[in-house]
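Please look over the sequence and the model shown here before reading the report that follows.

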Amino acid sequence: MNFSNPTVVVFVVYILAMLGIGLYAYFSTKNLDDYILGGRSLGSFVTALSAGASDMSGWLLMGLPGAIYLTGLSESWIAIGLIIGAWLNWYLVAGRLRVHTEVQNNALTLPDYFTGRFDDQKKILRVTSALIILIFFAIYCASGMVAGARLFETLFHLPYQTALWLGAFATIGYVCIGGFLAISWTDTFQAGLMIFALLLLPIVTYMSLGVGVEEFTAIVESARPHAYDFVSNLSIVGILSAAAWGLGYFGQPHILVRFMAADSVKSIPAARRIGMTWMILCLAGAVGSGFIGIAYFHQHPEFAAVVTANPETVFMELTKILFNPWVVGVILAAILSAVMSTLSCQLLVCSSALTEDLYKGLIRKNATQKELVWIGRAMVLAVAMLALALAQNPDSKVLGLVSYAWAGFGAAFGPLIIMSLFWKRMTLNGALAGMVIGAVTVIVWKNVFASTGIYEIIPGFIFALISIVVVSLLGKAPNATVTGRFEQADEIYTREMK
């Protein structure tokens, strides 16, 4: 690594800044509530941007622009589905979940919330949901580490193993030291970096072409005849499957935890407006980068070899071609921001599940707050080491599971979250059935029925929803304590949102 290279200097400064924020957050972390949820102290701005940054991984700056570059606007259906799903999640779930988790014995994690919501004395929901979180997030974390390693490997020509440890060290450092506050503060900064890069690049790329709208349209159509066709080569199943990504939002623990950490339910409407504006602009920038890239590399075929070999490099290649090394460092740090923001939250969610739901819930019920915070830090390291082991081989089969981890969470937890917030007749057995059937359906569908072309979250979500309703209605109604807490939370939410 050449430390006289401006791009390298910017990257090093960026990583040191993230570690510095983690160290500052360390002194603000007094107990497990602080470490896992930041003491429920996040305002609208931080809630919105940290939720957005933890949602959008390296896919936003690599995968989506690459798909648009390769195919055209027909790939934007996934962005449309995500926008609709995210808005519904903010509108229907965010505020209610913030209130319900506090009423349910100040639940710090989703498994903790499920336990209180359904009066799960045997803790079967706690253990099952914690295991689902660990399984899917261990794979997610491994994928994030591989993405970060590939970025360092490509930019600085490092060996894969060196790049893997370098990227992982930065993220593990500030998560382990500062916990949720460090993640939220760094995510807010990273969200700003991401939107800067995503809005700047397509504008500069278009200006560099030196053409008008009509000429630009002709260049794109010459390079990709169906680039403007939203339904090119897509069946109804294909469109629905792409748009169905939006269903996943209702069950993503690393996004839902941001709602739980808001300082007040009254902060949610403002956070929704900020978060959705940020998301729409970022997705528009990602689509624009890939789409305008079609015209740029058609007009400059001498630069197109790398992008032709790997379309996911279109954002990076345009950046390196069009900007000076200092600006390149800033913009490409946005890619690392996308990777680190998602990976950091996933590590903390895994740590929370191990600490709050398994260690405290099953092993040491009377553990002190200081002990729990240090156990939480140890669990971050443990999960990170597991993810690093899985990421040692970037072609490992386990990384293939990442493609449906989003669907797994969406189907296992999405219907459960929605119904638990809106239907007081829902039972513990209904919750367990929905969770298990949703997760199992996704795995089975992906491995047995993938040839149908139907995204596995669709049958998983539907079957989970049906299971919750049927099993709940067949069983005995919840007791007065359970329905009483539900009604209390519902009343608080209604009152606070007036």
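## The model as a whole

This is a predicted model, in which local features need pLDDT of at least 70 and side-chain atom pairs count only at pLDDT 80 or more, while totals for chains, interfaces and linings use all residues. Residues are numbered from 1 along each chain as its sequence is written, and side-chain values use heavy atoms, with hydrogens and water left out.

The protein chain holds 20 helices and zero strands, where helices (H or I, at least four residues) and strands (E, at least two) are DSSP runs numbered from the N terminus. Of its 498 residues, 59% are buried, and here buried means under 20% relative accessible area, exposed means over 50%, and partly exposed lies in between (1.4 Å probe, protein chains only). Among the contacts in the chain with a separation of 6 or more, 84% join residues 24 or more positions apart, a contact being heavy atoms within 4.5 Å.

## Helix 12

Helix 12 covers residues 268-299, and at 1.5 Å a residue its 32 residues should span 46 Å, which agrees with the 46 Å between its end C-alpha atoms; the expected span is 1.5 Å times one less than the number of residues. Helix 12 also bends by about 30° at Gly293, the bend being the angle between axes fitted to the seven residues ending there and the seven starting there. Because 23 of its 32 residues are buried, helix 12 is largely enclosed by the rest of the structure.

## Two partners of helix 12

The axes of helix 12 and helix 14 (residues 314-322) come within 10 Å and cross at roughly 60°, where axes are lines fitted to C-alpha atoms, for helices over the stretch in contact, and angles run from 0 to 180 degrees between N-to-C directions. The two helices are therefore oblique to each other, since angles under 35 degrees count as roughly parallel, over 145 as roughly antiparallel, 65 to 115 as roughly perpendicular and the rest as oblique. On the helix 12 side, the residues making this contact include Gly293 and Tyr296, and on the helix 14 side they include Phe315 and Leu318.

Helix 9 (residues 213-223) packs against helix 12 at an angle of about 80°, with the axes 9 Å apart, and the pair is therefore roughly perpendicular. Among the residues in this contact are Phe216 and Val220 of helix 9, together with Phe291 and Ala295 of helix 12.

Leu73 is found in the loop between helix 4 (63-71) and helix 5, and at 14% relative accessibility it counts as buried. Although Leu73 and Phe291 are 218 residues apart in sequence, their C-alpha atoms are 7.5 Å apart in space.

His100 belongs to helix 5 (residues 77-103) and, at 1% relative accessibility, counts as buried. Leaving aside residues up to four places away in sequence, His100 touches Tyr113, Ser420, Leu421, Phe486, Ala489 and Asp490.

## Two loop residues with positive phi

Asn105, in the loop between helix 5 and helix 6 (110-117), has a phi near 60°, a positive value in a residue other than glycine, and at 62% relative accessibility it counts as exposed. Asp119, in the loop between helix 6 and helix 7 (124-156), has a positive phi near 50°, and at 28% relative accessibility it counts as partly exposed.
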